[in-house]
Amino acid sequence: MTSMDGHSHRQDQSPAADHSSVAVQVRGLVKSFGTGETTVTVLKGIDLDVYFGELLLLVGESGGGKTTLLSAIAGILDIDAGELEVLGSSLSKMSAGTRTRFRGQRMGFIYQQFNLLPALTAAENVAIPMLIQGVGRKEAIARGRLMLERVGLGDRTEFLPRNLSGGQQQRVAIGRALVNEPQLLVCDEPTAALDGPNGQKIMELIRDVGRAPDRCVIVVTHDSRVFQFGDRMAELTDGRIVGIHPIQREATV
Ligand SMILES: Nc1ncnc2c1ncn2[C@@H]1O[C@H](COP(=O)(O)OP(=O)(O)O)[C@@H](O)[C@H]1O
Ligand SMILES: [Mg+2]
């Protein structure tokens, strides 16, 4: 089991969440695309709380607005109405520049298609968020190599993405997402391009390194094999959260 933080003993998966402490609070979120007759309202008033210490799964039909909701939470997308409080700050009250900085320092992202830069080595890809934060190139790459060791790729640091397997590329992407120690990790179908065993390993890694008492993870998925890794599951249907419930799992000792 890979562990970055010595918390792998939390494998019992009983929700570690402190339900008094909200990491992400969404209220009345509305978002439409298009104008006039072609307007489509994708999010029709989303209310959602995500707590520190939990891994929340977000499920729902394709085209239902899951990626749109993640993008709003990440501050990448302007919303039409509602309130978004992320890690104690109101996103809508921030200037665009402040929001970009906030995102770079406090959030990490993992995508279905990994989104690595093909001309850069694994270590250089992981270094990018640090370079953006102003860390010097040498130090950023050195720290990138250390991060790759923590995600089990210490022997692949100088490889280009095309010479890595899908599972390995997603590990690089996880390293890149976590290198600035974000409190909020947002994953959009992180296992969709991976086979079963690789998807399993990637979810273990996301759970073990991303979820801690002072952090939280949101994973969009429609891969039922991923469900066991969540603490709670929220279902998005027809622009609304229609259900949210804890995930039952068998006790493992
Ligand atoms: N930038 C955009 N412009 C116009 N329509 C969009 C845009 N982004 C998403 N949509 C539409 O919003 C709906 C929800 O998309 P999305 O959030 O990607 O769904 P999901 O991730 O649940 O599959 C879809 O109908 C999609 O076509
Ligand atoms: Mg999507």
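Here is a friendly chat about a predicted model, taking a helix, a ligand shell and a strand in turn.

Me: How do you know that the span of H4 is close to the one expected?
Reply: Helix H4 covers residues 137-150, which makes 14 residues. At 1.5 Å a residue the expected span is 20 Å, and the helix reaches 20 Å from its first C-alpha to its last.

Me: What makes a residue of H4 count as buried, and which ones are?
Reply: A residue is buried if 20 or more other C-beta atoms lie within 10 Å of its own. Ala-140, Ile-141, Gly-144, Met-147 and Leu-148 are buried in H4. They lie on the same side of H4, because they cover an arc of only 115° around the axis. Their packing partners are helix H3 (122-132) and helix H5 (166-178).

Me: Which exposed residues sit on the face of H4 turned away from its buried side?
Reply: Lys-138 and Glu-139 are carried there. Exposed here calls for 12 or fewer such C-beta atoms.

Me: What makes up the shell around ligand 1, by class?
Reply: The shell has two nonpolar, seven polar and one charged residues. Gly counts as polar, and the surrounding residues include Gly-60, Gly-63, Gly-64 and Gly-65. Helix H1 (residues 66-73) gives the largest share, three residues.

Me: Why is strand S6 called largely enclosed?
Reply: Four of the five residues of S6 (residues 107-111) are buried, so the rest of the structure largely encloses this strand.

Me: How do you know that S6 pairs with S7?
Reply: Pairing needs at least two bridges, and five join S6 to strand S7 (residues 184-188). The two strands run parallel, with Met-107 opposite Leu-184 in S7.

How values were computed. Residues numbered from 1 in each chain as written. Chains lettered and ligands numbered in written order. Predicted model: local features only at pLDDT ≥ 70, side-chain atom pairs only at ≥ 80, totals over all residues. Expected span 1.5 Å × (residues − 1). Arc of directions from axis to C-beta. Contact = placed C-beta atoms within 7 Å. Near = placed C-beta within 6 Å.
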